Amino acid sequence: MRKFRLYFEEQHRSPLAQLWREFARQHSALFGLALFSSFLLLSLVAPFITPHDPYLQADNLLLLPPSWSEQGLVQYPFGTDDLGRDLLSRLLKGTTFTFGLALVTVIGALLAGLALGALAGMSQGMKSSFFNHLLDLILTIPSLLLAIIIVAVLGPGLANTAWAVSLALLPQFVHGIRNAINEQLKKDYVTAYRLDGANNWQVLTRLIIPNIWEKIIVMSSMALSTAILDIAALGFLSLGAQAPIPEWGAMISDSLDLIYLAPASVAIPGLLIFAAVLSVNLVGDGLKTAMQRRRES
Amino acid sequence: MINFLLRRLFLLGTVLFGLSLLAFSLGYLFPGDPLQNFSGIRQLEPQLRAELTAAYRLDHSYLSQYLAFLNRLWHGDWGLSLASQQPLLSEIRQVLPATIELTSYALLVSFLFGVPLGILAAIKPEGYLGKIINTITVAGYSLPVFWWALLLIMVFSVGLGWFPSGGRLGVLYEIPTVSGFMLVDIFLAETPYQQAIFLDALRHLALPTVVLATFPTTVMIRFVRDAMLEVWEQNYIKTAKAKGLSRLQVLYRHGLRNALLPVIRQIGLQFSALITLAMLTEVIFSWPGIGRWLLDSIYQRNFPAIQAGLMIISVLVITVNMLTEILHTFFNPLARKR
């Protein structure tokens with residue numbers, strides 16, 4: 001390190017570095033990020049690290065209690081279910097279905113919402129007002145109800161759940177992105193860029209998207225927590241993932257009739273859903289606070 | 001104000017139009033025979049089929065079918081339930097009050113707890129109290145409602161036995177249905193055991209209300225806290241302080257009045273989430289409301305009922321939304337300009 005600074009230099013961090021600095025100051029947000037990354041990693045590598053086959057039914061080991069009780073086996077840390085399937089392996093595998101699928105649906109809804117939101121935000125007049133009314137209509141219908149109706153039309157199943165949830169998330173993305181674009185379009189620097197001869201496409205890609213992407217990430221984090229809860233809820237109502245698939249919500253409803261015999265098989269999947277949603281909410285909250293503090297500083 | 005009301009009315013019209021269009025198209029989108037989806041009659045004899053096709057104008061264009069559909073809706077002929085062969089509208093009339101009762105108590109709880117806690121959290125946002133409340137709210141709105149309900153049942157019904165695990169009233173008591181709202185009906189009923197029944201109904205209400213109120217309460221706390229913090233930064237608060245008002249006076253006369261205004265609108269926005277959560281809560285606590293009825297209809301592939309349930313719930317949500325927005329505008333002159 002140099003001891004003396006000959007010239008007075010003003011240090012400017014990039015906006016991203018400032019954001020990270022404010023984000024890293026919040027312990028809860030960092031904890032959320034760590035939890036989120038581990039869920040992300042698990043959902044990618046889950047099929048390779050399960051200690052047992054999640055679908056294998058060991059009929060000599062039915063309803064084995066968790067390993068911390070007297071009768072448990074250490075090879076089956078959380079015990080087995082009523083068909084003798086290892087609970088830990090099923091939970092690990094379930095990360096892909098609940099968390100991973102939620103991530104995929106949110107990314108799908110985000111991309112579609114970005115296209116439609118840009119279309120709605122950049123257009124004016126009749127087209128945009130028609131769009132507004134359509135969105136107002138869909139936004140009034142609760143997202144889970146919309147998903148349930150879509151599942152009722154398409155029929156239950158994991159793939160249909162994904163379609164239903166991403167379709168149900170789409171309106172709020174379009175709405176949020178359109179509002180964010182409208183807000184940016186009013187600013188002077190957009191006018192200046194237009195006076196330089198930029199067309200709509202250039203304004204959108206070079207000015208607006210770089211300026212709203214942080215907002216979009218916060219929006220996505222809220223959508224992701226909704227998506228996890230909706231997928232799990234549909235699984236719980238047995239409208240989503242069907243019987244052998246170890247989706248967390250479906251696992252809870254499968255072991256519901258065993259709740260007196262094996263309370264852990266209801267408690268642990270629920271705890272995982274809670275942890276997954278919590279991690280997403282903590283990251284989203286941390287980002288929001290960090291953005292606010294960066295603006296103030 | 002009149003202008004605003006007219007615009008809202010126009011918007012309401014458009015939304016209802018779109019909703020009816022969606023409900024109409026569901027008759028074709030659902031698997032099965034459109035005629036059966038619209039009428040809900042299980043056994044369609046050839047003669048009845050011909051009559052209904054003529055009455056529903058299924059042999060005409062889609063536009064004329066839609067107009068016939070609207071006409072039927074208007075006259076209260078919503079078709080029959082495929083499962084029970086009863087008129088749908090009377091079935092809905094039986095189950096809807098239970099849902100409204102449960103959701104309104106949950107809203108009340110969220111209001112009673114959410115507002116004071118939000119204000120408390122805003123007094124010192126970085127202090128211990130603020131941080132504790134903040135942590136609880138983040139945990140609260142991450143809870144999957146069905147798991148939370150099961151946990152509470154495990155602890156309070158199965159473990160401690162304090163509250164019943166489902167239903168609206170113990171099987172010992174019988175209350176004639178007048179309004180459909182349990183507490184009102186008990187009040188109207190002439191029985192010698194009124195007080196005991198009332199307590200029993202309250203015990204049945206306790207767990208579902210707590211489960212249902214968790215999400216809106218936490219959202220309310222955060223909302224009030226953020227609104228309060230924002231108002232506290234405004235210039236008129238500084239002016240009020242400079243005039244020499246004490247902290248409490250500033251809070252009551254300037255802070256609360258401005259911070260709590262958007263809360264009215266928040267109630268409307270919450271309502272849609274609340275109805276969704278109510279559906280899950282009703283399933284778990286076997287609460288005979290519209291959510292459980294709708295989910296049962298889905299399991300039974302009772303398409304006319306799904307269609308009617310969608311319309312009723314959406315109209316309910318839209319109306320509450322609209323009403324709270326109008327109320328908000330009525331109280332807040334600044335919102336009228338937009």
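Where in chain A does UniProt place the feature "transmembrane region"? The unreviewed UniProt entry gives residues 29–49, 97–122, 134–155, 161–177, 216–239 and 259–284 of chain A. Keep in mind during the tour that this is a predicted model.

**Stop 1: two of these stretches in chain A.** Select residues 97–122 of chain A. The chain is 100% helix and 0% strand here, and the end C-alpha atoms lie 36 Å apart. Next, select residues 216–239 of chain A. This stretch is 88% helix and 0% strand, with 30 Å between its end C-alpha atoms.

**Stop 2: a helix pair in chain B.** Select helix α5 (residues 88–123) and helix α12 (residues 261–284), both of chain B. Their axes come within 10 Å and cross at roughly 130°. α5(B) is therefore oblique to α12(B), and the crossing is right-handed.

Now show the side chains where the two helices meet. From α5(B), pick Thr99(B), Leu102(B), Thr103(B), Leu107(B) and Phe111(B). Facing them in contact from α12(B) are Val263(B), Ile267(B), Phe271(B), Leu274(B), Ile275(B), Ala278(B) and Glu282(B). Sorted by class, this contact has nine nonpolar, two polar and one charged residues.

**Stop 3: where the chains touch.** Show both chains together. How many residues does the contact take from each chain? Chain B gives 41 residues and chain A gives 38 residues. About 3300 Å² is buried between the two chains, and carbon and sulfur atoms give 81% of that area.

Terms used: Residues are numbered from 1 along each chain as its sequence is written. Chains are lettered from A and ligands numbered from 1 in the order in which they are written. This is a predicted model: local features need pLDDT of at least 70, side-chain atom pairs count only at pLDDT 80 or more; totals for chains, interfaces and linings use all residues. Side-chain values use heavy atoms; hydrogens and water are left out. Axes are lines fitted to C-alpha atoms, for helices over the stretch in contact, and angles run from 0 to 180 degrees between N-to-C directions. Helices (H or I, at least four residues) and strands (E, at least two) are DSSP runs, numbered from the N terminus. Angles under 35 degrees count as roughly parallel, over 145 as roughly antiparallel, 65 to 115 as roughly perpendicular and the rest as oblique. A crossing is left-handed if the near helix is turned anticlockwise from the far one by less than a right angle, and right-handed if clockwise. Contact means heavy atoms within 4.5 Å. Ala, Val, Leu, Ile, Met, Phe, Trp, Tyr, Cys and Pro count as nonpolar, Asp, Glu, Lys and Arg as charged, and the others, Gly among them, as polar. UniProt positions are given in the numbering used here, feature names are shortened, and annotations may be inferred rather than shown by experiment. Buried area is the accessible area (1.4 Å probe) that two parts lose on being put together, summed over both.
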